[in-house]
Every structure is written in structure tokens, then in C-alpha cells.
Amino acid sequence: EVQLVESGGGLVQAGGSLRLSCAASGFTFDDYAIGWFHQAPGKEREGVLCISSSDGSTYYADSVKGRFTISSDNAKNTVYLQMNSLKPEDTAVYYCAATSPGLCSRLYSGYFEVWGQGTLVTVSS
């Protein structure tokens with residue numbers, strides 16, 4: 001089966017850092033675009049950033065520009081989300097997801113067909 005598994009979430013103080021991992025099985029990341037999304041209780045799922053396998057382009061939500069970075073290790077079939085300068089408003093469940101490369105820039109959850117189970121990030125004041 002095609003699967004994505006996130007890891008690396010936890011509790012961190014504001015201003016701290018975490019690195020999330022997204023490991024794929026059943027397919028290879030270099031054939032897809034991989035995005036990260038987050039969802040807080042009572043709120044809609046929002047796009048955070050995405051990396052496209054077609055040309056390596058990356059796309060970021062305004063709220064994380066300059067703080068978060070996405071990278072990939074295709075040999076390990078893994079994508080990473082480096083989260084720096086974390087803020088309490090970053091608290092959410094974070095998901096990785098896969099879509100066609102041409103849809104990466106939209107950061108729209110409805111275009112992503114394969115999803116991980118999520119990992120919780122909690123940022124304290």
C-alpha cells in the first residue's frame with residue numbers, strides 16, 4: 001500500500017526549533033510533489049509549504065517564510081520540514097501529503113491524494 005508516515009513532533013518553547021520527517025513507502029517522492037499542512041482544533045487544514053519533484057521549486061505560506069524550510073532526500077524517500085523560530089500559533093497537527101508536481105504551488109489540500117497520519121507540534125509561550 002502507498003503510505004506516508006510523519007514523525008518528529010513534540011513540545012517546544014516559543015523561539016525553538018523542530019524537524020519533522022515524512023517517510024514514504026509504496027512510491028518514490030521524486031515522482032510527486034510533497035506538501036506539508038497543519039490543522040489546529042476547530043480550524044480548517046492549511047497549506048504550509050510544498051516541494052515539487054518536477055523542478056525542485058518550493059512554495060511557502062506567508063506565515064512561515066523565513067522560518068520554515070522544506071528539503072528532501074530522494075535516496076531515502078524522505079522529506080523534511082525544518083521549523084525554526086516557532087510561535088504559539090504554529091501549534092497544530094502537521095501532515096505531509098503527495099500530489100502531482102504541477103499542483104504544488106497551490107497549497108490546496110483537495111489536490112493532495114495521499115496523506116500521512118499527522119504528528120502533533122505544540123509550541124508553548
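Good morning. Strands here are DSSP runs of E with at least two residues, numbered from the N terminus.

A word on the basis of this talk. The model is predicted, so local features need pLDDT of at least 70 and side-chain atom pairs count only at pLDDT 80 or more, while totals for chains, interfaces and linings use all residues. Residues are numbered from 1 along each chain as its sequence is written, and side-chain values use heavy atoms, leaving out hydrogens and water.

Let us consider β9 and its partners. Two strands pair if DSSP finds at least two bridges between them. Strand β4, residues 33-39, pairs with β9 in the antiparallel sense over seven bridges. Strand β10, residues 114-115, runs antiparallel to β9 and is joined to it by two bridges, with A97 opposite W115.

How many of the eight residues of β9 are buried? Seven are, where buried means under 20% relative accessible area and exposed over 50%, with partly exposed in between, for a 1.4 Å probe and protein chains only.

I turn now to salt bridges, meaning a side-chain nitrogen of Lys or Arg within 4 Å of a carboxyl oxygen of Asp or Glu. The count is two. In one, D62 and K65 have their closest N and O atoms 3.2 Å apart, and both residues are exposed. In the other, R67 meets D90 at 2.8 Å, N to O. R67 lies in the loop between β6 (58-60) and β7 (68-73), and D90 in the loop between β8 (78-83) and β9 (92-99), so this pair ties together parts 23 residues apart in sequence. Both R67 and D90 are buried.

How values were computed: Helices (H or I, at least four residues) and strands (E, at least two) are DSSP runs, numbered from the N terminus.
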